Amino acid sequence: MDKKDQNKQNNELRIELIFECFITGEMKIFHCIIEKTRERVQRENKADELFDAYINGLEKSFEEYLQAWVEVFKEYRGKAKIGHVKERIPENKWLKLQKEVLSDTQVQAHTDELLSDTKEREIVRQQLDRSLERRMKKLDIV
């Protein structure tokens, strides 16, 4: 394998790993939103079967959202955009609520905390580097 092919392969692996980190981040944000929503509803004593059904529906919508992202990523790779996802699942509850929910002050504070934590970013970067090394070693073995 020449240097050009090796660089191309490294870039492809980096794109895959960055996508995996993106998905992990999306999952963290979603779980934060669900947790904050449950807390708020329990504080207001409004938790009931209807609310549980709503949360279950939202979780299914989120799973559909993640699946659509995976499909879009497979098709577009590094050029995948949220617009591609929206085209595939235009009636998705999570997509419709995402902008509204992310503007919630409690959720925004939590996500800002997640994103501003330099230790967390450094850990993620180190994990990316280790994952890249492991995958490259597996490719060398094959």
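View 1. R77 is placed in the loop between α2 and α3, the latter helix spanning residues 82-88. The model shown here and in the views that follow is a predicted one. The phi angle of R77 is near 55°, which is a positive value in a residue other than glycine. Most residues other than glycine have a negative phi.

**View 2. The protein chain as a whole, for orientation.** The secondary structure of the protein chain consists of six helices and zero strands, so that, read from the N terminus, the order of elements is α-α-α-α-α-α. Of its 142 residues, 27% count as buried, and the accessible surface of the chain comes to about 10200 Å², with 52% of that area belonging to carbon and sulfur atoms. Among the contacts between residues at least 6 apart in sequence, 66% join residues that are at least 24 apart.

View 3. In soluble globular proteins, nonpolar side chains tend to be buried together. When residues up to four places away in sequence are not counted, V85 touches Y65, A68, W69, V72 and L95.

**View 4. Helix α4, its start and its buried residues.** Helix α4 covers residues 93-102, and its buried residues are W94, L95, L97, Q98 and V101. An α-helix has 3.6 residues a turn, so residues three or four places apart point the same way. At the start of α4, a side-chain oxygen of N92 reaches to within 2.8 Å of the backbone nitrogen of W94.

View 5. The side chain of Q98 makes a polar contact of 3.5 Å with the side chain of E26, and another polar contact, of 3.4 Å, joins the side chains of Q98 and Y65. E26 and Y65 are also the residues with which Q98 is in contact once its neighbours within four places in sequence are left aside.

View 6. A search of the whole structure finds eight aromatic pairs. In one of them, the rings of F22 and W69 have their centres 5.0 Å apart and their planes at 70°, and the pair is therefore edge-to-face. This pair links distant parts of the chain, since F22 belongs to helix α1 and W69 to helix α2, 47 residues apart. F22 counts as partly exposed at 31% relative accessibility, whereas W69 counts as buried at 7%. F30 and W94 form an aromatic pair that is likewise edge-to-face, with 5.1 Å from centre to centre and 85° between the planes. Here, too, distant parts of the chain are linked, F30 lying in helix α1 and W94 in helix α4, 64 residues apart, and both F30 and W94 are buried. F19, F22, W69 and F73 form one aromatic cluster.

**View 7. The surroundings of F62.** F62 lies in helix α2 and counts as buried, with a relative accessibility of 5%. Leaving aside neighbours within four places in sequence, F62 is in contact with E26, M27, F30 and W94. F62 and M27, which are 35 residues apart in sequence, are 8.7 Å apart in space from C-alpha to C-alpha.

**View 8. The cysteines C21 and C32.** C21 is partly exposed, with a relative accessible area of 30%, whereas C32 is buried, with a relative accessible area of 5%. A disulfide is a covalent bond between the sulfur atoms of two cysteines. A search of the whole structure finds zero disulfides.

Technical notes:
Residues numbered from 1 in each chain as written. Predicted model: local features only at pLDDT ≥ 70, side-chain atom pairs only at ≥ 80, totals over all residues. Heavy atoms only, no water. Buried < 20%, exposed > 50% of the residue type's maximum accessible area, 1.4 Å probe, protein only. Helix = DSSP H or I, 4+ residues; strand = E, 2+ residues; numbered from the N terminus. Polar contact = N/O pair within 3.5 Å; in protein donor to acceptor, adjacent residues only side chain to side chain. Contact = heavy atoms within 4.5 Å. Disulfide = S-S within 2.5 Å. Areas by Shrake-Rupley, 256 points an atom, 1.4 Å probe, with all protein chains shown as cover. Phe/Tyr/Trp six-rings, centres within 6.5 Å; stacked < 30°, edge-to-face > 60°.
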